[in-house]
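Please look at the sequence and the structure before going on.

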Amino acid sequence: MSSKPTGSMMGRRNSGTENIDKLATEDMLAAILKDDREITYAIANCLPTVTRLVDQAIATFSRGGRLIIAGAGASGRAAMQVACEFAPDNDHALIGLIAGGSEAMLQASDTAAGDYNRGISDLQAIQFTRNDMLLGLSVSGKTPWVWGALRYAGSLGAPVAVITQDAESEVAQLADTVITPDIGPEVVVGFANPKAQLAQRQILNMLSTGLAIRSGRVYGNLRVDINASSTHWAERQIAIVMEAASCSRTQAKNALASCNHHCRTAILTLLTGLDGWHARDLLTENSDHLRIALEEAKRSSVQKAS
């Protein structure tokens, strides 16, 4: 039997790192870093498609639907992590789904990843409907569990998107929106897919940050949806209010205390002079978008003055 690499493997070899095993450690790491820089350029080329993904997800949120991010193995863990980190509360519509369930967070389940029907039943278990949106993650594009989930979501008429490295793969054929950053071959063939996973994670970071901004969880460049769930987060909340309202620590603490430590309400009271009750009502009327609530308060103030 021949021990030579197959044509496919030869095609995936990185010409820039063929002699990486001969390099000194620092030069080796520099070569890896140089290669990783190409990821940003590859994602930049996909920016119009990523933009469409974010806009579709926001539209899904606006009609009361959820964005389900689903994957197996490392992709599934990335999905779970981005959903977990999206917001400090559990009252949001970004859901992570991993083949094999919570146990697969510690060790990938090849059995679950290879089960097409389980991809369908896992979506059914969370009562996925056409009002929701599915984002499938599959570097290779050859994960049966993801295929099943994508086919089921598509059969319901729900928006379907994928992030994959193979534009011709099965998952790419099953999606309306396909993001395929051309990152080139990995530094080392046969190890894993660290570049592909890093590209995937960067796109997910763009998605989650974009969703946080568009859903009113950000004012300026400050996260204003922080809960005082611990001493650490209470201090972060005070700092955010001080920065957003350009006020003293004492003013920030008093404002937070007057509105049950609701960060956006505290900022609104300081910036408009409204009391906590009226500020909270104004935020509720504007879907908790602080920027929009501020503009509404200013318009009301101008109308009263005139």
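In which crossing, left-handed or right-handed, does α11 pass α13? α11 passes α13 in a right-handed crossing. A crossing is left-handed if the near helix is turned anticlockwise from the far one by less than a right angle, and right-handed if clockwise.

The model is predicted: local features need pLDDT of at least 70, side-chain atom pairs count only at pLDDT 80 or more, and totals for chains, interfaces and linings use all residues. Residues are numbered from 1 along each chain as its sequence is written, and side-chain values use heavy atoms, with hydrogens and water left out.

**The chain as a whole**

The chain has 15 helices and seven strands. Helices (H or I, at least four residues) and strands (E, at least two) are DSSP runs, numbered from the N terminus. Along the principal axes, the C-alpha atoms of the chain fill a box of roughly 85 × 50 × 40 Å. The chain has 306 residues, and 44% of them count as buried. Here buried means under 20% relative accessible area, exposed over 50%, and partly exposed in between, with a 1.4 Å probe and protein chains only. A contact is a case of heavy atoms within 4.5 Å. Among contacts between residues at least 6 apart in sequence, 62% join residues at least 24 apart.

**Helix α13 and its two partners**

Helix α11 (residues 231-245) packs with α13 at an angle of about 30 degrees, and their axes are 10 Å apart. Therefore α11 is roughly parallel to α13. Axes are lines fitted to C-alpha atoms, for helices over the stretch in contact, and angles run from 0 to 180 degrees between N-to-C directions. Angles under 35 degrees count as roughly parallel, over 145 as roughly antiparallel, 65 to 115 as roughly perpendicular, and the rest as oblique.

On the α11 side, Gln 237, Ile 240, Val 241, Ala 244 and Ala 245 meet Cys 263, Ala 266, Ile 267, Leu 270 and Leu 271 of α13. This contact of α11 with α13 has nine nonpolar residues, one polar and no charged. In this scheme Ala, Val, Leu, Ile, Met, Phe, Trp, Tyr, Cys and Pro count as nonpolar, Asp, Glu, Lys and Arg as charged, and the others, Gly among them, as polar.

Helix α12 (residues 249-258) packs with helix α13 (residues 263-272) at an angle of about 120 degrees, with axes 8 Å apart. That angle is why α12 is oblique to α13. α12 also passes α13 in a right-handed crossing. In the contact, Gln 251, Ala 252, Ala 255 and Leu 256 of α12 meet Cys 263, Ala 266, Thr 269 and Leu 270 of α13. These residues divide into six nonpolar, two polar and no charged.

**Cysteines**

How many disulfides does a search of the whole structure find? The search finds zero disulfides, where a disulfide is a pair of cysteine sulfur atoms within 2.5 Å. Cys 263 is in no disulfide, and the nearest cysteine sulfur, that of Cys 259, is 8.5 Å away. Cys 84 is found in helix α5 (residues 73-85). Cys 84 lies 16 residues from Ile 68 in sequence, and the two are 12 Å apart in space, C-alpha to C-alpha.

| Residue | Relative accessible area | Class |
|---|---|---|
| Cys 46 | 9% | buried |
| Cys 84 | 62% | exposed |
| Cys 263 | 2% | buried |

**Residues in loops**

Ser 246 is found in the loop between α11 and α12. Its phi is near 50 degrees, a positive value in a residue other than glycine. Ser 246 counts as exposed because its relative accessibility is 69%.

Asp 288 lies in the loop between α14 (276-285) and α15 (290-305). The phi of Asp 288 is near 65 degrees, again positive in a residue other than glycine. Asp 288 has 18% relative accessibility, so Asp 288 counts as buried.

Pro 88 lies in the loop between α5 and β2 (94-98). With a relative accessible area of 42%, Pro 88 is partly exposed. Leaving aside neighbours within four places in sequence, Pro 88 is in contact with Arg 217, Arg 223, Asp 225, Ile 226 and Asn 227.

Thr 180 lies in the loop between β5 (177-179) and α10 (194-214). Thr 180 is partly exposed, at a relative accessible area of 24%. Leaving aside neighbours within four places in sequence, Thr 180 is in contact with Cys 46, Thr 164, Asp 166 and Ala 167.
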